[in-house]
Amino acid sequence: MSTERGRGFRDSRAWVEIDRQALRANLETIRRRVGSHVGLIPMVKADAYGLGVGEVVRTFEPLDPLAYGVAAVQEGIDLRERGVTRPVIVFSPVVDDECEDAVEHGLTLSVSSMQSLRALDRASQVLGRDTAFHVDVDTGMGRSGFDWNRGPEWIPRIAELQREGLAWEGCYTHFHSADLTDPVTVHEQWARFREVVDAGVDERVCIHACNSAAALSVPELAADAVRPGIFLFGGRAGETLDAPAPVVSLRARVTLVREVAAGTSVGYGATWVADRPSRLATLGIGYGDGFPRALSNRGRVLIRGSSAPIVGRISMDVTVVDVSHVPAVECGDVATLIGSDGSASISVDEVAESVGTISYEVLTQLTARLPRLWRD
Ligand SMILES: *Cc1c(COP(=O)(O)O)cnc(C)c1O
């Protein structure tokens with residue numbers, strides 16, 4: 001770990017800690033589950049779910065992934081600028097005028113309409129550069145893709161447009177409920193997808209469908225490649241599926257400790273009032289760092305191995321916790337908001353659940369004000 005990052009650790013009021021070993025182990029878990037003949041396409045959109053795409057890709061490179069998945073052309077360009085030479089697939093639909101940028105940077109677009117395939121074709125001819133594309137098939141997700149039940153219409157039209165320099169490289173679908181215990185819709189979507197693939201998609205086209213949850217729960221549907229995201233970054237892929245190794249910890253330091261009298265109120269709206277003399281610790285983290293404000297008066301943190309409740313509303317920059325029962329808390333102590341402290345721990349899924357959201361949102365909300373500290 002560089003001294004620069006080490007210094008960031010000591011000087012920060014709050015930070016995100018990332019366990020490189022665990023990140024790597026989670027990708028290896030997926031590989032073991034689906035078999036080493038299946039290609040891995042780690043999804044690193046949204047700055048690798050908020051962890052920081054540069055270090056995430058550096059961690060995965062030695063594991064030889066087939067490609068990386070992003071959502072936006074700019075995210076793909078960012079990977080190229082970081083020196084990534086593997087295929088980079090842009091999975092969300094793009095506007096026609098983004099095609100030239102994509103082709104210029106050697107990105108692989110996912111296409112959901114003949115119009116966007118034609119725009120890609122034009123961009124490739126204008127620039128005189130070869131390009132490749134993956135075809136998105138909508139089997140029930142309803143946000144993008146060609147209709148699964150109209151394959152006989154669009155498959156020949158795509159095949160017609162193909163030429164040397166415009167290669168149909170992949171064909172995929174996306175499951176909407178692979179995280180649920182009952183995989184009935186997964187199998188229904190898979191059957192629809194197979195119908196399309198069997199209707200005339202060339203054998204050399206890379207077939208893929210599984211996100212983290214599907215890769216773990218129905219590895220027999222892994223086909224040629226899988227697209228794991230959340231599991232790699234330490235979020236559970238489904239309630240009944242194996243938990244990932246924890247990757248992300250969120251820490252903040254105690255910046256002030258006060259003994260307050262009964263009747264003291266805390267935070268905007270004075271929504272919490274001490275009913276007895278109390279010891280309160282102020283933490284250097286708030287919703288401006290991405291710590292969910294919805295945890296006000298309901299979340300907890302760990303300090304010196306004990307659980308301390310969040311009292312009052314979380315502010316933009318600070319959060320107050322009641323440490324009356326935790327002896328010896330002092331200014332400078334490190335509180336754990338996600339992660340472990342001794343034998344106690346708070347998972348990212350616990351935080352997400354207590355505010356009615358998913359781990360994906362909690363992770364991607366962590367703002368740039370929090371330095372990312374990589375532990376090897
Ligand atoms: C984000 C995404 C994934 C990864 O999903 P997880 O649930 O995070 O594993 C896979 N495929 C596509 C098309 C995606 O957009």
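Q: Which exposed residues sit on the face of H5 turned away from its buried side?
A: An exposed residue is one with over 50% relative accessible area. In this predicted model, the outward face of H5 carries Gln74 and Glu81 as its exposed residues.

Q: And which residues of helix H5 are buried?
A: Buried is the opposite end of the scale, under 20% relative accessible area. Helix H5 runs over residues 73-81, and its buried members are Val73, Gly76, Ile77 and Leu79. Because they cover an arc of only 155 degrees around the axis, they lie on the same side of H5.

Q: How many residues of H4 are buried?
A: Six of the eight residues in H4 are buried, so the helix is mostly covered. They are Val53, Glu55, Val56, Val57, Thr59 and Phe60.

Q: What is there to see just after H5?
A: Look at the backbone there: glycine 83 takes a positive phi of about 90 degrees.

Q: Let's move to a single residue. Where is serine 212 found, and is serine 212 buried or exposed?
A: Serine 212 is found in helix H10. Its relative accessibility is 4%, and therefore serine 212 counts as buried.

Q: What does the side chain of serine 212 reach?
A: For a polar contact, check the distance between N or O atoms, with 3.5 Å as the limit. The serine 212 side chain reaches the backbone nitrogen of phenylalanine 231 at 3.3 Å. Setting aside residues up to four places away in sequence, serine 212 touches Ile30, Arg227, Pro228, Gly229, Ile230, Phe231 and Ala237.

Q: Where is serine 12 found, and which residues is serine 12 in contact with?
A: Serine 12 is found in the loop between helix H1 (3-11) and strand E1 (14-19). At 11% relative accessibility, serine 12 counts as buried. Once neighbours within four places in sequence are left aside, its contacts are Arg253 and Pro371.

Q: Now the pockets. What volume does the largest pocket have, and which residues lie nearest its centre?
A: A pocket can be read by its volume, then by its lining. The largest pocket has a volume of about 1,000 Å³. Its lining consists of 43 residues, and those nearest the centre are Asp179, Asn211, Ile230, Ile358 and Tyr360. Elements that each supply at least two lining residues are helix H3 (45-49), strand E6 (131-138), helix H10 (212-217), helix H11 (348-354) and helix H12 (359-365). By class, 18 lining residues are nonpolar, 15 polar and ten charged.

Q: How does the second largest pocket read, by volume and by lining?
A: Its volume is about 340 Å³. The second largest pocket is lined by 20 residues, with Pro246, Val247, Val248, Gly339 and Ser347 nearest its centre. Two or more lining residues come from each of strand E11 (248-260), strand E18 (334-341), strand E19 (344-346) and H11. This lining has nine nonpolar, six polar and five charged residues.

Q: Stepping back, what does the secondary structure of the protein chain come to?
A: The count is twelve helices and 20 strands. Of the 376 residues in the protein chain, 52% are buried. The C-alpha trace spans about 80 × 45 × 40 Å along its principal axes. Among contacts between residues at least 6 apart in sequence, 65% join residues at least 24 apart.

Methods. Residues are numbered from 1 along each chain as its sequence is written. This is a predicted model: local features need pLDDT of at least 70, side-chain atom pairs count only at pLDDT 80 or more; totals for chains, interfaces and linings use all residues. Side-chain values use heavy atoms; hydrogens and water are left out. On a 1 Å grid over the protein atoms alone, a cavity is a set of points where a 1.4 Å probe fits but cannot get out, and a pocket is an open set with protein on both sides within 12 Å along at least five of seven lines; lining residues have an atom within 4 Å of a point. Grid points are joined across faces, edges and corners, and a volume is the space filled by probe spheres set on the points. Helices (H or I, at least four residues) and strands (E, at least two) are DSSP runs, numbered from the N terminus. Ala, Val, Leu, Ile, Met, Phe, Trp, Tyr, Cys and Pro count as nonpolar, Asp, Glu, Lys and Arg as charged, and the others, Gly among them, as polar. Buried means under 20% relative accessible area, exposed over 50%, partly exposed in between (1.4 Å probe, protein chains only). The arc is that of the directions from the helix axis to the C-beta atoms. A polar contact is a pair of N or O atoms within 3.5 Å; within protein, one must be able to donate a hydrogen and the other to accept it, and residues adjacent in sequence count only if both atoms are side-chain atoms. Contact means heavy atoms within 4.5 Å.
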